[in-house]
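Please find below some remarks for a reader who is meeting this structure for the first time.

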Amino acid sequence: QKEVEQDPGPLSVPEGAIVSLNCTYSNSAFQYFMWYRQYSRKGPELLMYTYSSGNKEDGRFTAQVDKSSKYISLFIRDSQPSDSATYLCAMRRGVLGFQKLVFGTGTRLLVSP
Amino acid sequence: GAVVSQHPSRVICKSGTSVKIECRSLDFQATTMFWYRQFPKQSLMLMATSNEGSKATYEQGVEKDKFLINHASLTLSTLTVTSAHPEDSSFYICSGSGGGQNNEQFFGPGTRLTVL
């Protein structure tokens with residue numbers, strides 16, 4: 001069993017839709033959770049990060065962590081064609097920058113005009 | 001966010017040759033740098049973690065004699081793929097972190113290696 005599971009998609013939605021992206025994990029030691037966006041043939045770009053359970057909002061993006069269920073989500077409101085990319089969840093055991101991240105496989109999102 | 005560059009962005013080489021990839025943190029000091037490999041439609045797989053001035057720590061299954069990592073300064077790390085083979089063809093991505101609390105990993109744009 002992988003430590004982090006993520007549906008690879010693709011997920012196709014029309015412009016303006018609300019998008020929900022999810023990951024589940026098995027290691028209860030994970031405490032620090034991140035979402036990255038990766039465009040084709042580019043490096044990942046950090047979108048959101050949260051520590052422990054709860055919600056965090058930044059513009060059209062909301063990250064949600066439910067540690068009791070070992071489930072994290074990223075919501076994108078008013079999706080745009082420019083949001084079309086692969087979204088990777090990542091997590092690590094602690095808050096320190098030298099600690100390694102464990103990534104999900106990534107979900108490919110396609111937003112059509 | 002902080003900026004990490006990689007050079008070259010793309011390289012094609014013959015089987016049996018060695019290739020060096022550079023990773024630079026442009027506006028911060030990366031006490032820790034990470035090297036990842038990403039195959040098509042797959043996620044990032046961590047290859048090794050390196051701290052400035054120390055030997056790199058390799059993940060299980062990654063050959064340290066084949067993938068040589070040097071982290072000689074707080075702004076530069078290099079990955080050398082020695083005696084490259086076609087199965088080494090992949091997208092190699094580095095990231096850097098300041099290492100402290102809540103310090104994030106900032107990723108480079110990646111290097112696409114093709115071994116003929």
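This is a predicted model: local features need pLDDT of at least 70, side-chain atom pairs count only at pLDDT 80 or more; totals for chains, interfaces and linings use all residues.

The points that follow take up chain B and then the interface.

1. Chain B contains 11 strands and 0 helices, and its pattern along the sequence accordingly reads β-β-β-β-β-β-β-β-β-β-β. Its radius of gyration is 13 Å, close to the 13 Å given by the globule rule for 116 residues, so chain B is as compact as a globular protein of that length.

2. Along the principal axes, the C-alpha atoms of chain B occupy a box of roughly 40 × 25 × 25 Å.

3. Where chain A and chain B meet, the contact draws on 22 residues from chain A and 26 residues from chain B. The area buried between the two chains is about 1700 Å², and carbon and sulfur atoms give 52% of that area.

4. The interface of chain A and chain B holds 1 salt bridge, in which the side chains of Lys100(A) and Glu59(B) come together at 2.8 Å, N to O. Across this interface there are also 6 residue pairs in polar contact, both residues being at pLDDT 80 or more.

5. On the side of chain A that touches chain B, strand 4 (32–38), strand 5 (45–51) and strand 9 (85–92) each supply at least two residues, and strand 4 gives the most, with 4 residues. By class, this side of chain A comprises 12 nonpolar, 6 polar and 4 charged residues.

Technical notes. Residues are numbered from 1 along each chain as its sequence is written. Chains are lettered from A and ligands numbered from 1 in the order in which they are written. Side-chain values use heavy atoms; hydrogens and water are left out. Contact means heavy atoms within 4.5 Å. Buried area is the accessible area (1.4 Å probe) that two parts lose on being put together, summed over both. A salt bridge is a side-chain nitrogen of Lys or Arg within 4 Å of a carboxyl oxygen of Asp or Glu. A polar contact is a pair of N or O atoms within 3.5 Å; within protein, one must be able to donate a hydrogen and the other to accept it, and residues adjacent in sequence count only if both atoms are side-chain atoms. Ala, Val, Leu, Ile, Met, Phe, Trp, Tyr, Cys and Pro count as nonpolar, Asp, Glu, Lys and Arg as charged, and the others, Gly among them, as polar. The radius of gyration is taken over C-alpha atoms; the globule rule is 2.2 Å times the number of residues to the power 0.38.
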